[in-house]
Amino acid sequence: MPSTRRPTYKAGARRPPDGPNRADGPNRADGTPADVISASKAATGPGVRSAAPRAPEQDNILSFPEPKAKRRKRIVLGTIGIITAVVAAMIVVAVYTPVLALRTVTVEGTRLLSAEQVQAALAPLKGKPLPQISDADVSALLQPLVQVKHVTAEARPPGTLAVHITERVPVAKLKQGEGLQLVDVEGTPLSATSDDASVALPVIDAGAGVLAPEVFHTVTAVLGALPADVLAKLSDASAKSADAVELKLVDGQTIIWGNAGEKELKARVLAALLKVPADPKNPVRIYDVSVPRHPVTR
């Protein structure tokens, strides 16, 4: 049985200095002998008592249950981790895999354009995952189609993109040589037409010359302020200057409009005058709304 007693140390007795090189022990620098330290092992055996009694061994260790709050927190954190991993996996599948790839494009709201034109413009998006397609992507591809004023796109899983088009509204037909060009209120050319009767819009005729941009935009702004039913009754529009806009009705009457100021009020006054029943004895040839608060008919 190994001993449990610790070694003890005892200091050696001082000896008088006999010389610097004594064989029986080292000397200090001043010539005095150094203390001698020796170690001895304590005796062991059945009759010898240990100087330090052994601590009793702990044979049984009691385990206490985990606190409820700690266990609940561990369960909650584990559940959150699992849910996060599942959601992340679903996002990766949706965004980066062909499961939700674009296959079909549906188009709504077109009149000047055809659905085929829009679908052809959006062909580069085919095969791209729906979550990666934004309205900005769709708008960028449709930008060359000047008829499109605004567009919104809606993803319809698993593979359909629904595109709603808001087109520019034509307000006149601009006569260019022998052809006619539909233009909106901003003067944007929308499409060409060769049949004057196919679209019930007034014709802007610059004659042999070209309307100045200021005059042209004044005329289109006036036409854009008119209700659709009044616009359909016009045959043509002209202007000698930005302050002298005149309109012609299909029945031959002339509308003296003046400048583009108070165009909304002028439009309401003109609409009201056109609803007045015609008097066969005193037919109206001229509607003057240049001063809308004091309109004149003659």
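Predicted model: local features only at pLDDT ≥ 70, side-chain atom pairs only at ≥ 80, totals over all residues.
**Notebook: pocket, cores and overall make-up**

I started with the largest pocket and got about 340 Å³ of space for it. I sorted the lining by type and got 10 nonpolar, 3 polar and 4 charged residues.

Then I went to the cores. Which residues of the largest nonpolar core touch the most other members? I found Leu223, Leu226, Leu247, Ile255, Trp257 and Leu270, out of 32 residues in that core. Helix H6 gives the largest share, 6 residues.

Leaving out residues up to four places away in sequence, Leu226 touches Leu231, Leu234, Leu247, Trp257, Ala267 and Leu270. Apart from this core I found another one, of 18 residues, with Val118, Leu145, Val163 and Ile165 among them.

I count 6 helices and 14 strands in the protein chain. How much of the chain is buried? Buried residues come to 28% of the 298. For contacts with a separation of 6 or more, I get 50% from residues 24 or more positions apart. The chain exposes about 19900 Å², and carbon and sulfur atoms supply 58% of that.

Key. Residues numbered from 1 in each chain as written. Heavy atoms only, no water. Core = buried A, V, L, I, M, F, W, Y, C linked by side-chain atoms within 4.5 Å. Buried < 20%, exposed > 50% of the residue type's maximum accessible area, 1.4 Å probe, protein only. Helix = DSSP H or I, 4+ residues; strand = E, 2+ residues; numbered from the N terminus. Contact = heavy atoms within 4.5 Å. 1 Å grid on protein atoms, 1.4 Å probe; cavity = no way out; pocket = protein on both sides within 12 Å on 5 of 7 lines; lining within 4 Å. Points joined across faces, edges and corners; volume = space filled by probe spheres on them. Nonpolar A, V, L, I, M, F, W, Y, C, P; charged D, E, K, R; others polar. Areas by Shrake-Rupley, 256 points an atom, 1.4 Å probe, with all protein chains shown as cover.
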